[in-house]
Amino acid sequence: MPIKWVLHWQPNVGTTASGQIVNEVTQCVESMNGVKDGRWKATLTFYKPMLRDQSLLPEFPRDFMGISLPEQPNKYYFIIRGQRLVLEADSTIQTIMDKLQSYKSRVSLNFEGNQYQLGDFQLRVGKVSPAHSEALRGIVMELEYLPISSIEKARQMMDDFLDLWQDAVSKRSLPGHFMHIEPNFADFGLGDHYTSQHTAVQYAIVVAQVIATVQAGQAVRN
């Protein structure tokens with residue numbers, strides 16, 4: 001499948017992500033002749049174990065999460081970031097978990113927005129917000145290079161496009177920038193050939209950054 005980078009919006013100190021920034025970024029894509037190609041949505045859920053004996057809680061990972069991705073509607077992906085584990089399952093696993101009552105959802109975050117076609121690239125710009133809430137927690141962008149599925153072979157093209165993109169965004173003098181943090185996929189047992197498991201791992205990294213940014217912003221305000 002095509003190589004993809006998942007980036008997050010890093011606000012300047014003392015500022016936060018906003019709907020206005022999403023609008024400006026969207027206009028930026030359109031100014032680069034991006035053709036709107038529908039909407040997209042991914043949902044990431046943090047899980048907590050259902051325990052009769054709460055003293056056992058420290059033995060379970062705190063960062064156990066699952067994610068549904070629009071390009072794989074029949075699959076569901078689990079990530080335990082601290083233990084460098086990623087697993088692909090059938091989407092029915094969520095129903096099974098509900099019935100077994102082994103884990104329950106602690107919090108879910110939706111990543112949702114428009115997708116655009118720019119030549120061989122696909123861009124998705126989305127808001128991060130808690131399920132059942134309109135509160136904006138962050139902004140993400142997926143950058144996908146459609147012709148190539150090798151991470152190393154696509155790297156130069158991705159870097160070049162990202163440079164053009166950052167230049168276009170910087171002209172709008174927005175209070176922040178998009179950041180790309182590439183995980184060490186080998187730590188998760190993943191190779192150079194790109195898969196949806198690579199995407200799941202990137203979302204796990206991005207959501208940690210979004211949460212840290214929100215918490216930092218709250219600390220500044222307090």
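This is a predicted model: local features need pLDDT of at least 70, side-chain atom pairs count only at pLDDT 80 or more; totals for chains, interfaces and linings use all residues.

Reader: At what angle does α2 run to β4?

Author: At about 65°, with β4 covering residues 75-80.

Reader: And how do I read the sheet itself?

Author: Start with the general idea: strands of a sheet pair through backbone hydrogen bonds, either parallel or antiparallel. Here, nine strands make up an open sheet, and the order across it is β5-β4-β3-β2-β6-β7-β8-β1-β9. The pairing is antiparallel.

Reader: Which strands are at the edges?

Author: β5 (85-90) and β9 (176-179), each of which pairs on one side only.

Reader: Let's zoom in on β2. How many bridges link β2 and β6?

Author: There are 13, in the antiparallel sense, between β2 (residues 35-49) and β6 (residues 103-118). With β3 (residues 64-68), β2 pairs over four bridges, again antiparallel.

Reader: Now helix against helix. What angle do α1 and α3 make?

Author: Helix α1 (residues 19-31) packs with helix α3 (residues 151-170) at about 125°, and the axes are 10 Å apart. To classify an angle, check the bands: 65 to 115 degrees is roughly perpendicular and over 145 is roughly antiparallel. The α1 and α3 pair is therefore oblique.

Reader: Is the crossing of α1 and α3 left-handed or right-handed?

Author: Right-handed. The residues making the contact are V25, C28 and V29 on α1, with W165, A168 and V169 on α3. Sorted by class, this contact has six nonpolar residues, no polar ones and no charged ones.

Reader: Last one: how do I sum up the whole chain?

Author: Count the elements, then follow their order. The chain has four helices and nine strands, running β-α-β-β-β-β-α-β-β-β-α-β-α from the N terminus. Its radius of gyration is 18 Å, close to the 17 Å from the globule rule for 222 residues, so the chain is as compact as a globular protein of that length. The C-alpha trace spans about 55 × 45 × 30 Å along its principal axes.

Technical notes. Residues are numbered from 1 along each chain as its sequence is written. Side-chain values use heavy atoms; hydrogens and water are left out. Axes are lines fitted to C-alpha atoms, for helices over the stretch in contact, and angles run from 0 to 180 degrees between N-to-C directions. Helices (H or I, at least four residues) and strands (E, at least two) are DSSP runs, numbered from the N terminus. Angles under 35 degrees count as roughly parallel, over 145 as roughly antiparallel, 65 to 115 as roughly perpendicular and the rest as oblique. A crossing is left-handed if the near helix is turned anticlockwise from the far one by less than a right angle, and right-handed if clockwise. Contact means heavy atoms within 4.5 Å. Ala, Val, Leu, Ile, Met, Phe, Trp, Tyr, Cys and Pro count as nonpolar, Asp, Glu, Lys and Arg as charged, and the others, Gly among them, as polar. Two strands pair if DSSP finds at least two bridges between them. The radius of gyration is taken over C-alpha atoms; the globule rule is 2.2 Å times the number of residues to the power 0.38.
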